[in-house]
Amino acid sequence: MAERILIEGGVPLRGEVFVSGAKNAALPLMAATLLAPGETVITNVPRLRDVQTMRTLLEHLGASCRGDGVLSIDTEKVNGWDAPYDLVKTMRASILVLGPLVSRFGRARVSQPGGCAIGARPINRHIAGLEAMGAKVFLEHGYVVAQADRLRGAEIVFEAPTVTGTENLLMAAVLAEGETVLLNAAREPEVVDLAAMLRAMGAKISGEGTDEIRIEGVSSLTPVAYEVMPDRIEAGTYLAAVGICGGDIVIRDCVPGHLRAVISRLEKAGIRMEAGEDWIRAVSGERTRAVDVMTDPYPGFPTDMQAQFMALMTLSEGLSTVTETIFEGRFMHVPELCRMGADITLSERKAVIRGVAALYGAPLMATDLRASASLVLAGLGATRGVTEISRVYHLDRGYDGLDGKLSRLGARIWRAEG
Ligand code: EPU
């Protein structure tokens, strides 16, 4: 039976919460194990549906995986190079095996990801990069087929930054012949985490975290043990939650430096914060104020926090705008928030939000991962009635126990079947 999340809002949050490993770091790290025959051990792996899907994909390719949280992936016997439609359709990040497979086996056949709830999301920049490195790439029957005896280093200029595109080409370049330069590369911390694991495996990489990454190809890599970085979006979600509910929480096992754009906007909204090396304390009492945000590639305001921030703005005093520049369709939460009494006008890529004094509970439908999180937050802020969210499998794709962690902070949130 399908699960639902139920929430009775209006309870201030108090206590400590521990952030899990980052989904968007764990997935490329798992794909990168294909590059080094033998057993790689990845620790701090979040318990998520997407991690499970990547595991199934690696097993389909011939890897053997064991563990949960601490995940051992043995790629010695990998002998497949195709990522089938059934797996890719459930998780676009399956495309991350493309670069490693071409790099290690000289070929790959990966189902083309289709559009999804948040936008068209083409992979043309991944393909152009592989072609620049000498791969022959064909599109046939809905699959991307790439072949190359050995990839050659190249200078690749992304027309605009792409996170998984940068990761794919980074993984392709580490075993290529000669030097690859990725220009206008994504600067996200998850790219830096991947580069750090690849370097530990023996890759020669410099410049990660800037828009120019240089990779000197090596002939082989060796497996390592590596810990996934903390999930900055999970941490940001708790920060928005405390703005909505009020309270006093300490978020542990996070990297405050990864959240600068989010913290600055939330401070402007009136949440008081102090931070140490791996924790943030957030306190909120008064009603928060309207603040405008525009999403941007890192270090700008993350698109993955846009929906949660909008939930906060629905209850903040004044008029705010939220502009989405990364994914054209990432506004599926808007009609659901309006059904809770929010006042939001949407035109193209900009939402104008007039803060209301209260939201009320309603039956809601989750449509994608971050939209689900925004509905949970709005439910925590709804002071009249119960919020009931269906299709919570979207939430479970990318949050490791969000509802349980919020409940331990005092929120009245629980799951029910049917
Ligand atoms: N784009 C192209 N062509 C390409 C690649 C990207 O036009 O070949 C466009 C996209 O359509 C989009 C923009 O470039 O408009 C940026 O997309 P990007 O490639 O950076 O996104 P992604 O790599 O597919 C990752 C995260 C997303 C996150 C985005 C942006 C992973 C596994 N996924 O996606 O995470 O929103 O970067 O930061 O890392 C999520 O966790 O909820 C999520 C969607």
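## Terms and basis of the model

Helices (runs of H or I with at least four residues) and strands (runs of E with at least two) are DSSP runs, and they are numbered from the N terminus. The structure is a predicted model, in which local features need pLDDT of at least 70 and side-chain atom pairs count only at pLDDT 80 or more, while totals for chains, interfaces and linings use all residues. Residues are numbered from 1 along each chain as its sequence is written, and side-chain values use heavy atoms, with hydrogens and water left out.

## Two domains

The protein is divided into domain 1 (3–19 + 230–417) and domain 2 (23–227), with bounds that come from an automatic or database domain assignment. The C-alpha centres of domain 1 and domain 2 lie 30 Å apart, and the contact between them (heavy atoms within 4.5 Å) takes 22 residues from domain 1 and 19 residues from domain 2.

## Around the ligand

The ligand is surrounded by 20 residues, of which the closest are Asn124, Thr162, Thr164, Asp304 and Ile326; a residue is counted as near a molecule or strand if one of its heavy atoms lies within 4 Å of it. Helix H5 gives the largest share of this shell, three residues. By residue class, the shell divides into eight nonpolar, six polar and six charged residues, where Ala, Val, Leu, Ile, Met, Phe, Trp, Tyr, Cys and Pro count as nonpolar, Asp, Glu, Lys and Arg as charged, and the others, Gly among them, as polar. Domain 1 and domain 2 each provide at least three residues of the shell.

An N or O atom in the side chain of Asp304 is 2.6 Å from a ligand oxygen atom, a polar backbone atom of Val163 is 2.8 Å from a ligand oxygen atom, and a polar side-chain atom of Asn24 lies 3.1 Å from one. Taken alone the ligand exposes 830 Å², and the protein buries 87% of that, with accessible areas taken from the Shrake-Rupley method with a 1.4 Å probe and, for residues, only the protein chains shown counting as cover.

## Helix H1

Helix H1 (residues 23–32) is largely enclosed by the rest of the structure, because nine of its 10 residues are buried. Buried means under 20% relative accessible area, exposed means over 50%, and partly exposed is in between (1.4 Å probe, protein chains only). Among the buried residues of H1 are Lys23, Ala25, Leu27 and Met30.

Val192 is found in helix H7 (residues 189–200), and Val192 counts as partly exposed because its relative accessibility is 29%. Although Val192 and Ala25 are 167 residues apart in sequence, their C-alpha atoms are 9.1 Å apart in space. Beyond its neighbours within four places in sequence, Val192 is in contact with Arg187, Glu208 and Gly209.

Glu208 lies in the loop between strand S12 (204–206) and strand S13 (212–216), and with a relative accessible area of 19% Glu208 is buried. The side chain of Glu208 makes a polar contact with the side chain of Arg199, at 2.5 Å.

Definitions and conventions:
A polar contact is a pair of N or O atoms within 3.5 Å; within protein, one must be able to donate a hydrogen and the other to accept it, and residues adjacent in sequence count only if both atoms are side-chain atoms.
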